Amino acid sequence: MAPSGDRISALPDNVLERVLSHLASDEAVRSSALSLRWRCVHEAVPVVNLVDNKSGDRYDRSLSDLKVCFDHQVTSAIMSKGAATPIRTFHVTVLHPPSELIDQWIVTTVNSGVEDLDVKLRYYDGSMSTLCPSIRCPYSGRRNSADFDKDERNRYTETLPHIFRCHTLRRLCLTNWTLDLPGTVAMASLETLWLGRSWTHAMSCSNSSRAARASST
């Protein structure tokens, strides 16, 4: 017969931490309510993984408190890690991101030695559209051009130089960002780079130069 008792709780800490690392951070935190054995296990999980699934305007009164609540949730997930626990994986999807908090999150995780950084920013339906004109946007239902609309330019959050000087980073995925590339990029450990609907100021300058040449001919 199998021995009685809670066999899962009897597993060593590193095994329980590995199990919780596959959950969203808010779900991992809820495990602390299971028993005294589980109370602090989530603090040693080197993963922050949260998704803001809400829609609508961040500054809409009916939703603003919910947006701020998610901001605090991400900050709390970062700050709740034990002093000896580095953040190795940081996956966050944010609606109408607060730039000052995004900067703090990125700097903290980079300084912690992050290896997997995946940050998807959402602004409105247009930012969730596909670059392939033959496929409809899952939100608006429209077929969109691969070109950025004039209204989209200069509204995306700019990347911090810390990202491109992170020696521990192995996987980098950025969606809906303005790439502000520093003069020097030092990412010796990088294995995977994925950019979705992200653009650079150089693209804007190139488009402006083409437009100027066309108007002068």
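So, of the 217 residues in this protein, 38% count as buried, where buried means under 20% relative accessible area, exposed means over 50% and partly exposed is in between, using a 1.4 Å probe and protein chains only. Before I go on, a word on what we're looking at. This is a predicted model, so local features need pLDDT of at least 70 and side-chain atom pairs count only at pLDDT 80 or more, while totals for chains, interfaces and linings use all residues. Residues are numbered from 1 along each chain as its sequence is written, and side-chain values use heavy atoms, with hydrogens and water left out.

Okay, the overall layout. The protein has five helices and seven strands; these are DSSP runs numbered from the N terminus, with helices being H or I over at least four residues and strands being E over at least two. If you walk along the sequence, the order goes α-α-β-α-β-α-β-β-β-β-β-α. Now take contacts, meaning heavy atoms within 4.5 Å. Among those between residues at least 6 apart in sequence, 55% join residues at least 24 apart.

Let's go to the strands. Which strand is largely enclosed by the rest of the structure? That's strand 2, residues 89-95, because six of its seven residues are buried. Strands count as paired here if DSSP finds at least two bridges between them. Strand 1, residues 47-51, runs parallel to strand 2, and five bridges join them. As an example, Asn 49 has His 91 of strand 2 as its bridge partner. Strand 2 also pairs with strand 3, residues 116-122, again in the parallel sense, over seven bridges. There, Leu 95 stands opposite Arg 122 of strand 3. Something to keep in mind as you turn the model: in a regular strand the side chains alternate between the two faces of the sheet.

Next, a residue that touches this region. Val 74 sits in helix 3, residues 61-79, and it counts as buried because its relative accessibility is 0%. What does Val 74 touch, if we skip residues up to four places away in sequence? The list is Leu 50, Phe 90, Val 92 and Trp 105. Take Val 92 from that list: Val 74 and Val 92 are 18 residues apart in sequence, and their C-alpha atoms are 8.2 Å apart in space.

Now for the cavity. On a 1 Å grid over the protein atoms alone, a cavity is a set of points where a 1.4 Å probe fits but cannot get out, and lining residues have an atom within 4 Å of a point. Grid points are joined across faces, edges and corners, and the volume is the space filled by probe spheres set on the points. How many cavities of 30 Å³ or more does a search of the whole structure find? One. The largest cavity holds about 80 Å³ of space. Its lining has seven nonpolar, four polar and one charged residues, with Ala, Val, Leu, Ile, Met, Phe, Trp, Tyr, Cys and Pro counted as nonpolar, Asp, Glu, Lys and Arg as charged, and the others, Gly among them, as polar. Helix 2, residues 25-30, gives the most to that lining, with three residues.

One of the lining residues is His 42. You'll find His 42 in the loop between helix 2 and strand 1, and at 10% relative accessibility it counts as buried. Leaving aside neighbours within four places in sequence, His 42 is in contact with Leu 20, Ala 28, Val 29, Ser 32 and Lys 81. His 42 and Gly 82 are 40 residues apart in sequence but 9.2 Å apart in space, C-alpha to C-alpha.

Thr 178 is in strand 5, residues 178-179, and counts as buried at 1% relative accessibility. Its side chain makes a polar contact with the side chain of Trp 199 at 3.2 Å. By polar contact I mean a pair of N or O atoms within 3.5 Å; within protein, one must be able to donate a hydrogen and the other to accept it, and residues adjacent in sequence count only if both atoms are side-chain atoms. The Thr 178 side chain also reaches the backbone oxygen of Tyr 156 at 3.3 Å.

Last, some backbone angles. Most residues other than glycine have a negative phi. Asn 176, in the loop between strand 4 (171-175) and strand 5, has a positive phi near 65°. Asn 176 is buried, at 0% relative accessibility. Arg 197, in the loop between strand 6 (192-196) and strand 7 (199-200), also has a positive phi, about 45°. At 6% relative accessibility, Arg 197 counts as buried too.

Notes:
1 Å grid on protein atoms, 1.4 Å probe; cavity = no way out; pocket = protein on both sides within 12 Å on 5 of 7 lines; lining within 4 Å.
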